[in-house]
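Hi,

Here is the structure I said I would pass on. Have a look at it first, and my notes follow below.

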Amino acid sequence: MGLTSFDQKNKDRYKSSRILYIIQAAVEYFIATLAGGAYLAKATEAVGMPDDVTAILTALVSLGVGFQLVALFIPRKRTVKAWVTPCMLLYQLLFTFIYVVPMFNVTSGAKILIMFTVLLVGHIIQNIVYSPKINWLMGLVDEHKRGSFTAVKEIVSLTSGMLYTFVIGLVMDHFEAKGDING
C-alpha cells in the first residue's frame, strides 16, 4: 500500500519529538542515578543520616512503584502532556534538590527530614506519571519501530550515563579527598 502525498509530508512530523524524547530519557537517567545507590548514600551521609535510616529510605523508595496504580484513577479529560510535563519537571527538580539539602543552615535532624520527604515525594510523583508518560511518548513512535527506537534510546542513556557517572564520581572523589563533601 503506497503513501499518499499527505502521508509522505507528515510521515516524520514527530522526528524532533523522538530525538527530544531520547535526550529527555538520558537526562532523566542521569538524575535518577544521582537519586539512588552510592550517590544517594553520599548525600545522606553529608546530612548526617545514619546508614540504617538510609537503608529504610531506599526500601521505601522501592515500594514507591505501587504508586503507579494511582495512574489508573487519573481522569483522562485533559491531555496527558498538560499534567505529565510539569510533574516530570517537579520530580526531577526534587531529585536534584537532594544535593542542595546538605548546604542548608538547619539542624541535622531537619536536613534528614527534608531529604527523606523530598526523595519520597519525588519517587511518588515519578511513579504516578510513569505509565501515562511512557504511553504518551511512545505514541510518537511508529508501532512497527518501537523496539528499535527503545533500543536506541536505552543505548544512548546507558552509554552517556556511564560517562556521566564516571565524571560525577571523579568530582565527588575530588571534593571528598579535600574534606569538603558539601562542595
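**What I found**

Helix H2 (residues 15-34) has 20 residues, so at 1.5 Å a residue it should span 28 Å, and its end C-alpha atoms are 29 Å apart, which agrees. The expected span here is 1.5 Å times one less than the number of residues, and helices are DSSP runs (H or I, at least four residues; strands are E, at least two), numbered from the N terminus.

Before going on: this is a predicted model, where local features need pLDDT of at least 70 and side-chain atom pairs count only at pLDDT 80 or more, while totals for chains, interfaces and linings use all residues. Residues are numbered from 1 along each chain as its sequence is written, and side-chain values use heavy atoms, with hydrogens and water left out.

Overall, the chain has 7 helices and 0 strands. Of its 183 residues, 32% count as buried (under 20% relative accessible area; exposed is over 50%, partly exposed in between, with a 1.4 Å probe and protein chains only). The C-alpha atoms fill a box of roughly 65 × 40 × 25 Å along the principal axes.

Back to H2: its buried residues include Arg18, Tyr21, Ile22, Phe30 and Leu34. Among the elements covering the buried residues of H2 are helix H3 (37-46), helix H5 (80-97), H6 and H7.

Now the inside. Leu119 touches Ala35, Leu40, Leu57, Val61, Phe95 and Ile98, leaving out residues up to four places away in sequence; contact means heavy atoms within 4.5 Å.

His123 is in H6 (residues 108-138) and is buried, with a relative accessible area of 12%. Beyond its neighbours within four places in sequence, His123 contacts Ala35, Val61 and Phe95.

On the outside, Leu163 sits in H7 (residues 146-177) and counts as exposed because its relative accessibility is 57%.

Cheers
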